[in-house]
Amino acid sequence: MLEVLKNLWETSGFAQFFLDPDGWKSGIMILIAFALLYMAIKKQFEPLLLLPIAFGMLLTNLPWPGGGIFHPEWFEGDINWAALGGQYHDAAGNHIDPGLFDFLYIGVKMDIFPCLIFMAVGAMTDFGPLISRPSSFFMGAGAQFGISFAFVVACLLGFDPQGAASIGIIGGADGPTAIYLTSKLAPELLGAIAIAAYSYMALIPMIQPPVMKLLTTKKMRQVKMEQTRPVSKTEKICFPIIVTVVCVLILPSVAPLLGCLMLGNLFRESGVTDRLSDTAQNAMCNIVTIMLGTSVGATAVGARFLKLETIMIIGIGLAAFIFATVGGLIIGDIMYFLSKGKINPLIGAAGVSAVPMAARVASKVGQKENPSNFLLMHAMGPNVAGVIGSAVAAGILLTLFG
Amino acid sequence: MNPVIQLTVERGQHLTTAEMFMNAGIVILVVFGVLLLMYILISISGKIIQAITSIGSKKEKKAEPTPAAAPAAPAAAAPVSGEEFSSGALKLKNCDEKTAAMIMAIVADDTGIPLNELVFKSIKLVEKK
């Protein structure tokens, strides 16, 4: 009787937390997953992404019979296709079956999901504000300063250049780009980087306003901007084609990411592919978000995630976000002076990508200072320029360290 | 991969402080360079497209036949040209024209959509019960 109970206990999931040397780490990760679920559901911080990420994290850290739902070691370097085909035995000779997330993760590892998400982003984005005021490109470029800053800090803290580049891209505030680059350069850091990137994107309303107030005067924040010129349909159609040709010719490594972004936008603007545009914006985006979110969350396996390295990544990621905002605001300040006070420098902070959250924050801060000030459409220009800027930065890092 | 700027840094290999700053500088410089190029191209293409569109619209105006009855009814000419830009009739219910104009301006400012691109079908006063 006692033997049966003992057997029952030993085969239970609860016992794994105590018997497995890394079991306690899984326990902590489950608590972190609960905290993220709380933030997603109760606080509504980027719920569409944080919820699947948190649930993926929960599932991957629960003890599973037969070896688990995800095996990150099969994706280090080249994909272990034999293991995915059911031909894997552990050191003790036990047969290990592939889990659900092993298959879903192929979409991350082979850059399918980040590119499809970018296609959806392209289909949802109106580049009109950027086309009508092309100088917004400079604010989008300035906000990439956070990437360079974080790269140097990560190198100084002992990360190799590939890891540092992956950490630096958190400053681009662009989830798919961060996942795309990290899965290529430092896949072992993917869980920490994706969670840091999406968490900070959700925290933009808290991170950015103090920096904005620090780098602008009340007078600057009160500037009401003039309405930009209307953009013709032809310009909107030409824009994705020009961007694709120029960027891909300069940085071929970024072709899949930027190409998909611009293809999605062409679906939207061409006016002849409404069904494709609708699918990219809704059905495809939702399906890919579920698969991307859960499989990225699944990479946060306790034994690999709970390290000093992760805490460092989260710390550097926060600094990257702050310095990206600083970079965008400095360019905004310069443009304020060059335009003789016609451009509100707050819109520079929107250059950190994170569409449309960063633009909303810039608009909200501006409206606080002057209730009749509506900056949202003006801030969308630097915001979408930031998306292109962070993709370009990813391409350079990939060329340098890939 | 571009062999000109490839540094071939192996995994685990660390950079010197000078290399760190050099790489960080390259990233920000190239980002600025590419986006500057985009700025130039988008500005130029915008101006070209605008010029072509305005030439096209001028040609269309020239091609339109002049009304034969013009000398007989010169006063009617103005409303006809105004109708070409109409976005349809706007129904006002318990709302004067001045208030309607103000509402339309606020909506245009709030949404950032130029007034000539917005279509208002009706504006009516909703009284609180």
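**Close-up 1. Contacts of A:Val248 in the predicted model.** Leaving aside residues up to four places away in sequence, A:Val248 touches A:Ala255, A:Leu258 and A:Gly259. The model shown here is predicted. A:Val248 belongs to helix α16 of chain A, which covers residues 233–250. Its C-beta has 17 C-beta neighbours inside 10 Å, so A:Val248 counts as partly exposed. A:Gly395 is 147 residues apart from A:Val248 in sequence, yet the two C-alpha atoms are 9.4 Å apart in space.

**Close-up 2. Helices α3 and α4 of chain A.** Helix α3(A) spans residues 23–41 and helix α4(A) spans residues 47–61. Their axes come within 8 Å and cross at roughly 160°. An angle over 145 degrees counts as roughly antiparallel, and α3(A) and α4(A) are therefore roughly antiparallel to each other. The crossing of the two helices is left-handed. On the α3(A) side, the residues in contact include A:Ser26, A:Met29, A:Ile30, A:Ala33, A:Leu37 and A:Ile41. On the α4(A) side, they include A:Pro47, A:Leu50, A:Ala54, A:Met57 and A:Asn61. By class, this contact has 16 nonpolar residues, two polar residues and no charged residues.

**Close-up 3. The contact between chains A and B.** Chain A gives 42 residues to this contact and chain B gives 38 residues. On the side of chain B that touches chain A, α1 (17–63) and α3 (97–111) of chain B each supply at least two residues. The largest share of that side, 22 residues, comes from α1(B). By class, the residues of chain B that touch chain A divide into 23 nonpolar, 11 polar and four charged.

Conventions. Residues are numbered from 1 along each chain as its sequence is written. Chains are lettered from A and ligands numbered from 1 in the order in which they are written. This is a predicted model: local features need pLDDT of at least 70, side-chain atom pairs count only at pLDDT 80 or more; totals for chains, interfaces and linings use all residues. Axes are lines fitted to C-alpha atoms, for helices over the stretch in contact, and angles run from 0 to 180 degrees between N-to-C directions. Helices (H or I, at least four residues) and strands (E, at least two) are DSSP runs, numbered from the N terminus. Angles under 35 degrees count as roughly parallel, over 145 as roughly antiparallel, 65 to 115 as roughly perpendicular and the rest as oblique. A crossing is left-handed if the near helix is turned anticlockwise from the far one by less than a right angle, and right-handed if clockwise. Two residues are in contact if their C-beta atoms, placed from the backbone, lie within 7 Å. Ala, Val, Leu, Ile, Met, Phe, Trp, Tyr, Cys and Pro count as nonpolar, Asp, Glu, Lys and Arg as charged, and the others, Gly among them, as polar. A residue is buried if 20 or more other C-beta atoms lie within 10 Å of its own, exposed if 12 or fewer, and partly exposed in between; C-beta atoms are placed from the backbone.
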